[in-house]
Amino acid sequence: LASWAKHQRFLKKQGRLSPERIAALDEIGFVWTGEGARWDKLYKELLRFRSEHGHTRIPTKHRELYRWTSQQRKALRNLAKKGGQGATSLTNGDADRLFKLESLLAED
């Protein structure tokens, strides 16, 4: 599956993926970038951590999750300072992802 997904990304980058295929993959939530896959992985880790511990204050010993959560909080603060302006300049659904996280991170 991973090699197929990588191939779809390659074809899209080369302009060789049909608009219909792109639309179909978008519709099922296909992640077009490696960073998007990383975001999804860490989001799931955050949900798991919250389920186990009842909060999202990640200890520094969980380095990757701690850094990622800190970056997401910073991005949300920056977006809030702009009054939501700039959300449209975020790519790959980053704005939607940040808004998805907002209430989760605001609890702490």
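Guide: Read from the N terminus, the elements of the chain follow the order α-α-α-α-α, amounting to 5 helices and 0 strands. Here helices (H or I, at least four residues) and strands (E, at least two) are DSSP runs, numbered from the N terminus. The model is predicted: local features need pLDDT of at least 70, side-chain atom pairs count only at pLDDT 80 or more, and totals for chains, interfaces and linings use all residues. Residues are numbered from 1 along each chain as its sequence is written, and side-chain values use heavy atoms, with hydrogens and water left out.

Visitor: Is Gln-8 buried or exposed?

Guide: Buried means under 20% relative accessible area, exposed over 50%, and partly exposed in between (1.4 Å probe, protein chains only). Gln-8, in helix H1 (residues 2-13), has a relative accessible area of 3% and is therefore buried. Of the 108 residues in the chain, 29% are buried.

Visitor: Which side chain forms a polar contact with that of Gln-8?

Guide: A polar contact is a pair of N or O atoms within 3.5 Å; within protein, one must be able to donate a hydrogen and the other to accept it, and residues adjacent in sequence count only if both atoms are side-chain atoms. The side chain of Gln-8 is joined to that of Arg-21 at 3.0 Å.

Visitor: What does Leu-25 touch?

Guide: Contact means heavy atoms within 4.5 Å. Beyond four places in sequence, Leu-25 contacts Trp-4, Gln-8, Leu-17, Phe-30 and Trp-32. Leu-25 belongs to helix H2 (residues 19-27), and its C-alpha atom is separated from that of Gln-8 by 9.3 Å.
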